[in-house]
Amino acid sequence: MDVRPNNTIYINNLNEKIKKEELKKSLYAIFSQFGQILDIVALKTLKMRGQAFVIFKEISSATNALRSMQGFPFYDKPMQINYSKTDSDIIAKMKGTFQERPKKPKRVLSAAEDEAKKAKKRAKEQAKSAPGYTPSHMGMPGNNAVPEQPPNQILFLTNLPDETSSIMLSMLFNQFPGFKEVRLVPNRHDIAFVEFENEVQSATAKEALQGFKITPSHAMKISFAKK
């Protein structure tokens, strides 16, 4: 029997070597383009390894994400995506259908969310502000107008959030032909360079990802690098 469309997508066949926080940030980076994300649950327990749940506010967002990202190469492994079999707790509470369950819930997602909450609490106690994957500041650094450079194979990215990593950017740009590498700038988290084999390929990526929101408050700005 087919699982009915709902707000939560279940992803498996994920690379098990990736650290949990890095995995959650990367999932957020590639799935936030489809709509508002309420939560991402990813555990490193033996039973839940290589799996994650992404909970969207709207069912249409989950549907678009499932169709668009099915088989997408994520850390060198094609993602397998399905709808979650039941509503996540966060959605059930919004609908008013949430019910407390007995001590040992059979539903995997409930146990996963429970564990995620405990992990968040521990992280908060250790460091007063939990890093998470959504930044708390709303600043928009580097807003100075820069004259457009002539097309070339290197792109210059600005307005990147602090938690940006070369892996996250590589996953965004390697879906375009001719991608070569990402270069971060030491001591500058808000800018980066991405190189392609030629200016036609870099222009295609520039047009497709212009304004892409890595986080809700950071729309990426892309221009051709100064030669």
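Colleague: Let's start with Thr-158: buried or exposed?

Modeller: Thr-158 counts as buried, because its relative accessibility is 15%. Buried means under 20% relative accessible area, exposed means over 50%, and partly exposed is in between, with a 1.4 Å probe and protein chains only.

Colleague: Where did these coordinates come from, and how are residues numbered?

Modeller: This is a predicted model, where local features need pLDDT of at least 70, side-chain atom pairs count only at pLDDT 80 or more, and totals for chains, interfaces and linings use all residues. Residues are numbered from 1 along each chain as its sequence is written, and side-chain values use heavy atoms, with hydrogens and water left out.

Colleague: Back to Thr-158. Which strand is it found in?

Modeller: Thr-158 is part of strand β7, residues 154-158. Strands (E, at least two residues) and helices (H or I, at least four) are DSSP runs, numbered from the N terminus.

Colleague: And what does Thr-158 touch?

Modeller: Leaving out residues up to four places away in sequence, Thr-158 touches Asp-190, Ile-191, Met-220 and Lys-221. Contact means heavy atoms within 4.5 Å.

Colleague: What about Leu-157?

Modeller: Leu-157 has contacts with Leu-169, Phe-173, Asp-190, Ile-191, Ala-192, Val-194, Met-220, Lys-221 and Ile-222, with neighbours within four places set aside.

Colleague: Zoom out. How many helices and strands in the protein chain?

Modeller: The protein chain has 6 helices and 12 strands. It has 227 residues, and 46% of them count as buried. Of its contacts with a separation of 6 or more, 68% join residues 24 or more positions apart.

Colleague: Which residues have the most contacts inside the largest nonpolar core?

Modeller: Ile-9, Phe-31, Phe-74, Met-79, Leu-157, Phe-173 and Met-220 do, in a core of 47 residues. A nonpolar core is a set of buried Ala, Val, Leu, Ile, Met, Phe, Trp, Tyr and Cys residues joined through side-chain atoms within 4.5 Å. Helix α1, residues 20-31, gives the largest share, 6 residues.

Colleague: Where does this core lie relative to domain 1 and domain 2?

Modeller: The core lies between them, because domain 1 (8-95) and domain 2 (154-224) both give residues to it. The domain bounds come from an automatic or database domain assignment. Another core, of 5 residues, lies apart from it, with Tyr-10, Val-41, Met-48 and Phe-53 among them.

Colleague: Pick one from α1. Leu-27: buried or exposed?

Modeller: Leu-27 is buried, at 0% relative accessibility. Its place is in helix α1. Beyond neighbours within four places in sequence, Leu-27 is in contact with Ile-11, Ile-40, Ala-52, Phe-74 and Met-79.

Colleague: Now α2. Which residues are buried there?

Modeller: In α2, residues 59-69, the buried ones are Ser-61, Ala-62, Thr-63, Ala-65, Leu-66 and Met-69. The buried residues of α2 pack against β1, α1, β3 (52-56) and β6 (80-83). Gly-71 follows α2 and has a positive phi, near 80°.

Colleague: Where is Asp-76, then?

Modeller: Asp-76 is in the loop between β4 (73-74) and β5 (77-78). Its phi is near 70°, a positive value in a residue other than glycine. Most residues other than glycine have a negative phi. Asp-76 counts as exposed, at 77% relative accessibility.

Colleague: And Asn-13, where is that found?

Modeller: Asn-13 sits in the loop between β1 (8-12) and α1. Phi of Asn-13 is also positive, near 65°. Asn-13 is partly exposed, with a relative accessible area of 24%.

Colleague: Change of topic. Which strand holds Phe-193?

Modeller: Phe-193 is in strand β9, residues 188-196. At 25% relative accessibility, Phe-193 is partly exposed. Phe-193 and Ile-222 are 29 residues apart in sequence and 9.4 Å apart in space, C-alpha to C-alpha.

Colleague: Last one. Where does Gln-33 lie?

Modeller: Gln-33 lies in the loop between α1 and β2 (37-41). Gln-33 counts as partly exposed, at 45% relative accessibility. The C-alpha atoms of Gln-33 and Lys-213 are separated by 6.7 Å, though these residues are 180 apart along the chain.
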